[in-house]
Amino acid sequence: MASVEIVAEHERILREIESTDANCIGPTLRSVYDGQEHGLFMEKLDGRIRNHDRDIEKMCNHHFQGFVDSITELLKVRAEAQKLKSQVTDTNQRLQDDGKGLVSCMDDLRRCRLQQRNIATTIDRLTHCLPVLEMYSKLQEQMRLKRYYPALRTLEQLEQTCLPRAGQYRFCSIMAENIPRVRTLIKDTAMSQLRDFLESIRKHSNKIGETAMKQAHVQRAAVGRRLRKEAGLGAATEVDGHGSSPVTEQDSGILDVEDDEDDEVPGAQELVDFSPVYCCLHIYTVLGAREEFENYYRKQRRKQARLVLQPHSNMHETLDGYRRFFNQIIGFFVVEDHILHTTQGLVNRAYVEELWELALSKTIAALRTHSSYCSDPDLVLDLKNLIVLFADTLQGYGFPVSQLFDMLLEMREQYGEILLKKWNLTFRQALDQDNYSPIPVATEEDYRQFSSQFPFQDPDLDKLPFPKKLPFSEFVPKVYCQLKEFIYACLKYSEDLHLSSTEVDDMIRKSTNLLLTRTLSHCLQYAIKKKNVGLAELVQLILNTTHLEASCVYLEGFISNITDVPPDTANTTKLYGTSTFKDARHAAEEEIYTNLNAKIDQFLQLADYDWTAAQGGGAPSDYLSDLIAFLCSTFSVFTHLPGKVAQTACMSACKHLASSLLRLLLQPDVRQVSLGAMQQFNNDVKECERFARTDPVPGFQGDTLLLAFSDLRQLLDLFIQWDWSTYLADYGRPTCRYLRVSPHTALVLLEKISRLMKDTSRKGTMFAQFRKNERDKQKLIDTVVKQLRNLISAHQT
C-alpha cells in the first residue's frame, strides 16, 4: 500500500516538474529529497526522460524533409538578394550625388527657418519680459519715493500678472524671491511710520487738545455774541443797581484767545498728518494682516490712554497742571474721533466709547482727589470754567459729558466751603479792624458814597446838617458789600452749568444762608465772646446787626435781580439773615447783661464792711458810689439801643446788684453782724434805691425798677425796725408787709446778730443795766429763732 502511494506521489511530482516554471522547481525537488525513496524517483525520472526523447525523435523525423526543402529555397533567394543589393547601392550613390546641392540648399533653408523661429520666440519672450522690467522699475521708483501703498499694488500686479507671463527666467526667479522681502520691507516700514505717528501724537496731544479747546472757546464766544446781538444786549453783561458786574469766563484767564469775530482757530485735526495711519491700514489690509494692525493700534492707544490719564502729583497746585491734563485727554480723543470717522473699522464706536468711559472715570477720580487739596476759591472757579470748556469741547466731538457736570455740582459744595473759609477771614478781619463807632459823614459826597454801599434810609438823619454820623460802624457796609461779593462768587460758579434760573437762584440762596447762619454768625459770636470786649462795642454790635437785619430784604431783591427769578416764586428759598442777626443781637444782649453783672461783681469785690461796727455811717460806701456812677454813665450809652434792650439791661443789673448785696450779707464767712453794720448796709441799699428812682433808662412804669431791691428793703426794714411780731403774725398772708422775706434768710441773719451779742455778753465789758437789756434782747432773739425754725419745719413738711 505504501508503494502505491509513493508511486502516485512520484507521478504527481513529475507532472509538477513538467508543468512548472524552472524558477519554482526547487521546492518540488526538495520534497523528493526530504523523502526516503529518492532512488526510486530517479529511476522514475529517467524512464520519463527516455519517453520524451523518443517523442522528440519521432517529431524530428516527421518534419525533416520540409526543413531540407526550405534550406534549398533560401539558397536560391540569396543570389537574387545579392543582385538586388548591388542595384540598391548603385541607385543610392546616384541619389547621393544628385541630392548634394539640394541638401545644401535645404540646410541653408533650415538654418534660416531656425533663426526666424528664434527671432520670433525672442520677440515674444521680450514682449512678456519688458512689462516685468518696467513694472519692477516702477516698483523701485515707488519705493524710493516712499509710496508704499502704490508700491504694494505694483508688487501684487507684478507677482500675479507679469511674472507668470514672462516665464521661468533667472531674473524672474530673482524677482520672485525678492517679492516676499519687499513686502516685509514695506510692512516694516509702514509699521515704523505708524510708531513714529503714535509717538508724535503722544508728544503733541497737549497742543492738539489746546487747539481744540481754543476752537470750542471761539465757537462758544461766537454763539454768545450772536445771542446777545439777537437779544439787543450787545457785549454788555447784566449789572446790578450799583454798576458792578460779575466777572465772566473771559475774565478768568482760562484761554488767551482774543475776542474778535475775525479770529479763526484752525481745526485740531489739521495739526495731525494721519497719512501714516491710512497708509499702514491699507498696506496691512492688502497683506491680509488687517486684524494684526488693528490689534496693535488699539493696544498701543490703550497704553497711551493710561499714560494720558495719569495726572501729575502736583497738578492741583496751578491751573496749568489741570490745563495740560485736559489738553492731553482732548488731544487723545480728537485723534480717535478722527480715526473713527475716516477709517472703516480700524476703531469702532464701542472701542472709542470704552476708552471714553475709562477716561471719564479716571478724570473724575483725579479731579476729585486733586481738587480736594485746593483752598483758593479763584483757582477752583478757574478750574470749574476749564472743566466746562473741557466738557464742551468733548461734547462737540460727540462724547457724553453729563457726569462731568454732575461732578461740577459736587465740586460746588467744596467751592462753597472754600468761600465760607475765605469769607470767615474777611468777616473776622472786618470785625478786628472795626472801631465800633458811628461813621462820621462830613460832606454830601461821603453820604452818597456810604448810601451806595449800603441801603440805608433815615429821613430824620437826612434833615440834619453836615457833619453828621451814621448810626452804624464801618463794619456794616463792609459786610453788606462782602455779602454781595459772595453772591457774585456763587453766581460765577453757577454759570455755564446748564442750570435753570430757578436752580441757580436756589443754589445761591442756600449758599448765602450758609454764609449767614454759619460763617457770619460764628464771626459775630466770636466778636461778642472775645476777651476785653466792652459794653460800648457790644452796644454798637447790636446796632450793626439791627441795620444788617433790615438790609436782608435788599439782599433778597439783589439775588432775584441777578438770577431773574421773582422773590415771590413758589418754593423760593428765603434768606435766614433775619434770624441770624437776631440771634447775634440776642447773644450781644446776653453778653451785655453778663459783662454788666461782671462789672458789678468787680465793684462788690471792693466792698469792705465792718460787720461788727457799733454804729453805721451816714453816707453810702465809697465802692457803691463808684458803682452807681459807673451804672449811670453806662446806661447813658444805651440811649441808641432798642428800648426793651436798655430796660432789660438796667433791670438785670439792678436785680444782680440786689442779689449780690444779699449774698454779701448772708455769706458764710460773715459769722457775726451788728445792727450798726446793718445801718451802713441800709444806707447803701438806699443809694441803690435812689438810683432806681432816677429812671436811668426811660420807659419803666412807676417804681418798676425799685422792685429789684424789694427783697433787700423788706429784709432790712424787718431788722432795723425789729418788727418781728408783725412778721410772725402776718407770715403767709398775701397782704403781709414782709412778704419777700423768707424764714430761712431771716434765721441766718438773726443767728449772726445773736452770735455777736453772745460774744459781747461773755466779755462783760458793759454796765450791769446794759447787760440786762442785752439779756432781754437775747431772750427775744432766741424766741424768734425758735419760731422761725418752726416756720421752716412747717413749710418743709
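Biologist: Where is confidence lowest and where is it highest in this predicted model?

Modeller: Helix 2 (residues 26-34) is lowest, at a mean pLDDT of 73. Helix 14 (residues 475-494) is highest, at 91. Over residues 233-253 the pLDDT falls below 50, yet the model gives this stretch 36 contacts beyond near neighbours in sequence. Residues 765-770 also stay under 50, with one contact beyond four places in sequence. The protein as a whole averages 82, and 92% of the residues score at least 70.

Biologist: What makes the bond between Phe466 and Pro467 cis?

Modeller: Its omega is about -5°. Most peptide bonds are trans. Pro467 is in the loop between helix 13 (459-463) and strand 2 (468-470).

Biologist: What sits over the ring of Phe466?

Modeller: The charged end of Lys468 does, at 4.4 Å from the ring centre. The distance cut-off is 6 Å, so 4.4 Å meets it. Arg428 lies over the face of Tyr526 in turn, 4.1 Å from the ring centre.

Biologist: Which phi does Tyr436 have?

Modeller: A positive one, about 50°, although Tyr436 is not a glycine. Most residues other than glycine have a negative phi. Tyr436 is in the loop between helix 11 (402-433) and strand 1 (439-441).

Biologist: Why is Tyr436 called buried?

Modeller: Its relative accessible area is 12%. Buried means under 20%. Therefore Tyr436 counts as buried.

Biologist: Why is Asn561 called partly exposed?

Modeller: Asn561 has a relative accessible area of 34%. Asn561 is in helix 17 (residues 552-563). From Asn561 to Leu707 it is 146 residues in sequence and 53 Å in space, C-alpha to C-alpha.

Biologist: How many aromatic pairs does the structure hold?

Modeller: It holds 29. One of them joins Phe456 and Phe472.

Biologist: Why is the pair of Phe456 and Phe472 called edge-to-face?

Modeller: The ring centres are 5.2 Å apart, and the planes meet at 85°. A pair needs centres within 6.5 Å, and edge-to-face needs over 60 degrees. Both values pass, so the pair is edge-to-face. The pair links distant parts of the chain, 16 residues apart. Phe456 is in the loop between helix 12 (444-453) and helix 13, and Phe472 is in the loop between strand 2 and helix 14. Both residues are buried.

Biologist: Which residues touch the most other members of the largest nonpolar core?

Modeller: Ile592, Leu631 and Trp724 do, in a core of 212 residues. Helix 5 (residues 170-231) gives the largest share, 15 residues. Leaving aside neighbours within four places in sequence, Trp724 contacts residues including Ala746, Leu750, Val784 and Leu788.

Biologist: How do you know that the span of helix 8 is close to the one expected?

Modeller: Helix 8 (residues 319-342) has 24 residues and reaches 34 Å from its first C-alpha to its last. At 1.5 Å a residue, 34 Å is expected. Helix 8 is also mostly covered, with 19 of its 24 residues buried.

Key:
Residues are numbered from 1 along each chain as its sequence is written. This is a predicted model: local features need pLDDT of at least 70, side-chain atom pairs count only at pLDDT 80 or more; totals for chains, interfaces and linings use all residues. Side-chain values use heavy atoms; hydrogens and water are left out. pLDDT is the predictor's confidence in each residue, from 0 to 100. Helices (H or I, at least four residues) and strands (E, at least two) are DSSP runs, numbered from the N terminus. Contact means heavy atoms within 4.5 Å. Buried means under 20% relative accessible area, exposed over 50%, partly exposed in between (1.4 Å probe, protein chains only). Rings of Phe, Tyr and Trp (its six-membered ring) pair if their centres lie within 6.5 Å; planes under 30 degrees apart count as stacked, over 60 as edge-to-face and the rest as tilted. A charge sits over a ring if NZ of Lys or CZ of Arg is within 6 Å of the ring centre and within 35 degrees of the ring normal. The expected span of a helix is 1.5 Å times one less than its number of residues. A nonpolar core is a set of buried Ala, Val, Leu, Ile, Met, Phe, Trp, Tyr and Cys residues joined through side-chain atoms within 4.5 Å.
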